[in-house]
Every structure is written in structure tokens, then in C-alpha cells.
Amino acid sequence: TTCIETQTNTAGHFTIAGGTGAYKGITGSGRATGRSTFIEQVVHGRCANAFTAVQAIATASGPISLP
């Protein structure tokens, strides 16, 4: 048996700091949201607060440009 905890952070901004190869010189910024899911072991019938696995997904949108 496992415990599953999901946390959503909805307020955030991103700024592209740079790129390499075909993306050299890329710029842009916008808003981002993140969602994390934590799976914990159950010890003596309770969540142990010791993560077995973590999955994080970020979704971002905003204008970007290449030179």
C-alpha cells in the first residue's frame, strides 16, 4: 500500500536564459504552472513521509524568439 500526495503550484514565471546549437540566442518569458506527485510508503498504517518516487510536470507558455 502507498500514499499518494499531489501538489499544484499555479503561480510562476519563467525566463529563458539562453540556448545552444540551433537555439543559440533564444529569448523569451512567460507564465508557468507546476504539478508534483509524491508516492510514499505506508508504515504502521500511516504515510511515512519518506518519498519512494516523485514526478514533476511543468507547463509553460509565453512568446519566444530566435535571432
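1. Cys3 has Glu40 as its bridge partner in strand 3. The pairing of strand 1 (residues 2–9) with strand 3 is antiparallel and rests on eight bridges. Strands here are DSSP runs (E, at least two residues), numbered from the N terminus, as are helices (H or I, at least four); two strands count as paired if DSSP finds at least two bridges between them.

2. On the source: this is a predicted model, in which local features need pLDDT of at least 70 and side-chain atom pairs count only at pLDDT 80 or more, while totals for chains, interfaces and linings use all residues. Residues are numbered from 1 along each chain as its sequence is written, and side-chain values use heavy atoms, with hydrogens and water left out.

3. The protein has five strands and zero helices. The radius of gyration, taken over C-alpha atoms, is compared with a globule rule of 2.2 Å times the number of residues to the power 0.38. The protein comes out at 18 Å, well over the 11 Å that the rule gives for 67 residues, so it is more spread out than a compact globule. Its C-alpha trace spans about 60 × 25 × 15 Å along the principal axes.

4. Strand 3 also pairs with other strands. With strand 2 (residues 13–15) the sense is antiparallel, over three bridges, and His13 stands opposite Arg31. With strand 5 (residues 64–65) there are two bridges, again antiparallel; Thr27 stands opposite Ser65 there.

5. Strand 3 and strand 4 pair over twelve bridges in the antiparallel sense, with Val42 opposite Cys47. The two strands form a hairpin with two residues between them. His44 lies in that loop, between strand 3 (27–43) and strand 4 (46–61). Phi of His44 is near 55°, a positive value in a residue other than glycine. His44 counts as exposed, at 79% relative accessibility (buried means under 20% relative accessible area, exposed over 50%, partly exposed in between; 1.4 Å probe, protein chains only).

6. Thr37, in strand 3, is buried, with a relative accessible area of 18%. Leaving aside residues up to four places away in sequence, Thr37 touches Ile4, Glu5, Thr6, Ala53, Val54 and Gln55; contact means heavy atoms within 4.5 Å.

7. Of the 67 residues, 13% count as buried. The protein exposes about 5200 Å², of which carbon and sulfur atoms supply 55%; areas come from the Shrake-Rupley method with a 1.4 Å probe, and for residues only the protein chains shown count as cover. Among contacts between residues at least 6 apart in sequence, 54% join residues at least 24 apart.
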